[in-house]
Amino acid sequence: MVLKVYADRMSQPSRAVIIFCKMNGIDYEEIKVHISKGQHLTSEFAEINPMKQLPAIVDGRFKLFESHAILIYLACAFPGVADHWYPADVSRRSRIHSVLDWHHSNLRRGAAPYVFNTTIAPVLGRPLNPQAAAEAETILTSSLSKLESFWLKGNGRFLLGGNQPSIADLSLVCEIMQLEVLDEKDRARLLDPHKKVQQWIENTRNATSPHFDEVHKVLMKAKEQLQYQRLKAAKNEGGSYMKKPLPSRM
C-alpha cells in the first residue's frame, strides 16, 4: 500500500516530511488537511492522529504522528535513503537526536508563537498578543544565536559540521522559513545578525532543490499576499491588512 501523508504545506513540519519523501523517492499520497478550515480538529482526523496535529502518516496499518518521529521512521523503513539523512553510526545518530530534541524546546518555541502573535493571528480571527510575541522573540533570538555559535560551528555546510544535510537540517530550516511571512524589516532584524544561519538555509535549499522551493510555494504565496495587504493598509492610513484569509495556518 502507498504511504499516506496527511499534511498542510503551511505547516512547517509538514513541509519537512514532504520534502524528505520527494528527495528520497518515497512513493506517497499527500492528503491535504486544511488547518485554516479546522479539518485537523475533526473526529475523522482524530482517528489518524488523536492529538489533532499535522503531519501524520499511515503506512499500511501503521499510524504515526510527530514530524521528528515520522522522519526517523521514513529514513529507517524505506530502502534507498542515503545514510547522511539519519546515519547508521550510533554516535552520529545520537547527535542528530540532540538537535531535534533541542528544536522542540527552543527554536520552535520561539519561531512559531512569534509569527503567530505578530502576523498570523488576525488572519484566523484572533487578536495579536504583544506580550506573547515579546516572550517568543526572546526565545527565537536566543535560539538563532545558539544555531550560529554552536550547532553550525566548524567548517561544515550543515548542522553538526556535516557536509550533507540530515533530517535535523530539514526540520529546523522549515521552521525558520516561516519567518518569510513577516514584514521584511522585522525578518531582516531577526536574521541579518546571523550570517551562518542565512548561509545554512541557502545550503539546505540548494541541497534539496528543486523540491524545497516547490513545497514552499504556498508559503511564498502567503508572503506576497501579506506584503500586498500591508502596502494597502499603509495607503489607507493604518487600516487592517488581515482581511483576506491565507491558504492555511502556520
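The buried residues of α9 are Val 197, Trp 200, Ile 201, Asn 203, Thr 204 and Arg 205, where buried means under 20% relative accessible area with a 1.4 Å probe and protein chains only. This is a predicted model, in which local features need pLDDT of at least 70 and side-chain atom pairs count only at pLDDT 80 or more, while totals for chains, interfaces and linings use all residues. Residues are numbered from 1 along each chain as its sequence is written, and side-chain values use heavy atoms, with hydrogens and water left out.

Helix α9 covers residues 195-207, and its 13 residues reach 18 Å from the first C-alpha to the last, close to the 18 Å expected at 1.5 Å a residue. Among the elements that cover its buried residues are α6 (130-151), α7 (167-177), α8 (184-191) and α10 (211-215).

## Helices α4 and α6

Helix α4 (residues 90-105) packs with α6 at an angle of about 165 degrees, and their axes, which are lines fitted to C-alpha atoms over the stretch in contact, lie 12 Å apart. The two helices are therefore roughly antiparallel to each other, a description used for angles over 145 degrees.

Ser 98, Val 99 and Trp 102 in α4 meet Ser 143, Lys 146, Leu 147 and Trp 151 in α6, with contact meaning heavy atoms within 4.5 Å.

Strand β3 (residues 56-59) and strand β4 (residues 62-65) pair in the antiparallel sense over four bridges, pairing being defined as at least two bridges found by DSSP. Val 58 has Lys 63 in β4 as its bridge partner. The strands form a hairpin with two residues between them, and Gly 60 in the turn has a positive phi of about 70 degrees.

Note on methods: Expected span 1.5 Å × (residues − 1). Buried < 20%, exposed > 50% of the residue type's maximum accessible area, 1.4 Å probe, protein only. Axes fitted to C-alpha atoms, helices over the stretch in contact; angles between N-to-C directions. Parallel < 35°, antiparallel > 145°, perpendicular 65-115°, else oblique.
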